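Thanks for coming, everyone. I'll be brief.

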Amino acid sequence: VKEVTTMSDIRKELMKPRPIFNPEGNDDPAKLGILYGDTTNIFNLNVIKYEWAPKLYRVMMANFWIPETVDLTQDVQDYKELTDDERQAYDEILSFLVFLDSIQTTNIPNIAAYVKAPEITIDLSIHAYQEAIHSQSYGYTIESVVPPEHREEVYYWWRKDPILFERNKYIADIYQKFLEEPTMENYGEVLVGNYLLEGLYFYNGFMFFYNLASRNLMQGTADIIRYINRDELTHVILFEHFMKDLTDENFKKYLPKDKIYEMFKIAVDQEQRFSKKVIGNKILGMNEKSIEDYTYYIANKRLRALGLEPIFPDRPNPYEHLERIADTGGEGNVKANFFEATVTSYNQASAVEGWDEI
């Protein structure tokens with residue numbers, strides 16, 4: 001009796017990570033894809049398939065920075081001057097950020113382990129390194145600004161806050177599911193989860209810190225967030241190209257539009273509920289309406305970047321003034337450096353340059 005292979009069987013087939021040593025492999029770019037091919041695992045970057053990857057690598061490499069060079073002395077005093085609601089939002093958002101970038105640092109190598117194109121593997125290596133810097137940066141901020149008796153509570157706020165716990169658990173469960181069952185279908189969900197984390201989950205929190213800076217509060221923290229924000233936008237570009245090239249390589253059945261839309265809806269709901277809880281109508285210059293508008297604006301922008309139709313209400317960006325103050329008025333500067341393969345705008349010694357809108 002001939003065995004019938006169903007789509008369910010195909011989706012449950014476990015992926016195999018690329019080999020550490022494969023002397024019989026063939027590194028001809030024509031025979032390699034992002035996830036397929038018999039690579040030797042040697043990084044011959046002179047012969048590549050994905051021309052965007054080394055250009056992005058140069059930009060990411062040039063984003064080198066060290067959190068301890070940012071002076072947080074004034075922030076210690078400013079923290080005491082914040083309102084109770086501002087201080088609470090500051091603490092909870094930091095707790096959220098340090099958790100997610102911690103699991104990012106751990107999970108990016110899991111994604112990279114299955115990539116057969118060396119030029120993309122090195123991008124993911126820098127990605128993981130930058131996430132480690134981000135986690136360190138949030139820790140540096142907490143240890144420098146938050147009073148000693150309150151720091152442990154900030155690190156583990158997610159354990160007692162049900163809304164924060166739920167959104168952290170949503171992403172962590174997606175990553176864990178793939179780790180336990182590395183199927184193509186689960187890999188697709190990890191890619192979308194990663195894209196949502198990098199491109200949607202952080203942004204109302206970032207705007208909160210820029211809002212404080214616009215009022216001459218917590219300027220050092222805002223400087224750290226600027227550097228992190230700049231890195232995250234390169235990660236967004238990385239996964240936009242990663243997922244679009246995968247769908248060109250017949251990955252669509254594992255990354256269907258319906259699944260992407262479903263995950264976007266969950267992420268938008270979680271981002272709005274958390275941001276309304278910690279920021280809401282309690283912070284000068286921000287409110288529930290601006291949070292809703294900004295989340296829809298960012299989500300639609302990310303969908304368009306993937307070549308998908310936006311599904312959320314068409315709202316203008318209510319925080320253009322904050323993006324200008326933050327010198328992160330869009331992703332144009334990241335894009336410009338990426339396409340031109342230049343790095344002139346990326347060093348810690350100079351100000352973070354303005355980013356034109358895409």
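**Helices, a cavity and a salt bridge**

Let's start with a pair of helices. Helix α8, residues 184-201, packs against helix α11, residues 257-278, at an angle of about 35 degrees. Their axes are 10 Å apart. One caution before we go on: this is a predicted model.

Which way does α8 pass α11, in a right-handed or a left-handed crossing? The crossing is right-handed.

Now the residues that meet. From α8 we have Glu-189, Val-192, Gly-193, Tyr-195, Leu-196, Leu-200 and Tyr-201. They face Lys-259, Ile-260, Met-263, Phe-264, Ala-267, Val-268, Gln-270 and Glu-271 in α11. By class, the contact of α8 with α11 has 10 nonpolar residues, two polar and three charged.

Keep Tyr-201 and Glu-271 in mind. Both belong to this contact, and both also line the second largest cavity.

On to the cavities, then. How many of 30 Å³ or more does the structure hold? There are three.

Helix α11 supplies the largest share, four residues. Sorted by class, the lining of this cavity has six nonpolar residues, three polar and two charged.

Who makes the contact? On the α4 side, Tyr-90, Leu-97, Asp-101, Ile-108 and Ile-111. On the α10 side, Thr-221, Ile-225, Glu-232, Phe-239 and Phe-242. That gives seven nonpolar residues, one polar and two charged for the contact of α4 with α10.

Last stop, salt bridges. A search of the whole structure finds 18. One of interest here joins the side chains of Arg-87 and Asp-84, at 3.2 Å from N to O. Where do Arg-87 and Asp-84 lie? Both sit in helix α4, three residues apart, about one turn of the helix.

That's my tour. Over to you.

Note on methods. Residues are numbered from 1 along each chain as its sequence is written. This is a predicted model: local features need pLDDT of at least 70, side-chain atom pairs count only at pLDDT 80 or more; totals for chains, interfaces and linings use all residues. Side-chain values use heavy atoms; hydrogens and water are left out. Axes are lines fitted to C-alpha atoms, for helices over the stretch in contact, and angles run from 0 to 180 degrees between N-to-C directions. Helices (H or I, at least four residues) and strands (E, at least two) are DSSP runs, numbered from the N terminus. A crossing is left-handed if the near helix is turned anticlockwise from the far one by less than a right angle, and right-handed if clockwise. Contact means heavy atoms within 4.5 Å. Ala, Val, Leu, Ile, Met, Phe, Trp, Tyr, Cys and Pro count as nonpolar, Asp, Glu, Lys and Arg as charged, and the others, Gly among them, as polar. On a 1 Å grid over the protein atoms alone, a cavity is a set of points where a 1.4 Å probe fits but cannot get out, and a pocket is an open set with protein on both sides within 12 Å along at least five of seven lines; lining residues have an atom within 4 Å of a point. Grid points are joined across faces, edges and corners, and a volume is the space filled by probe spheres set on the points. A salt bridge is a side-chain nitrogen of Lys or Arg within 4 Å of a carboxyl oxygen of Asp or Glu.
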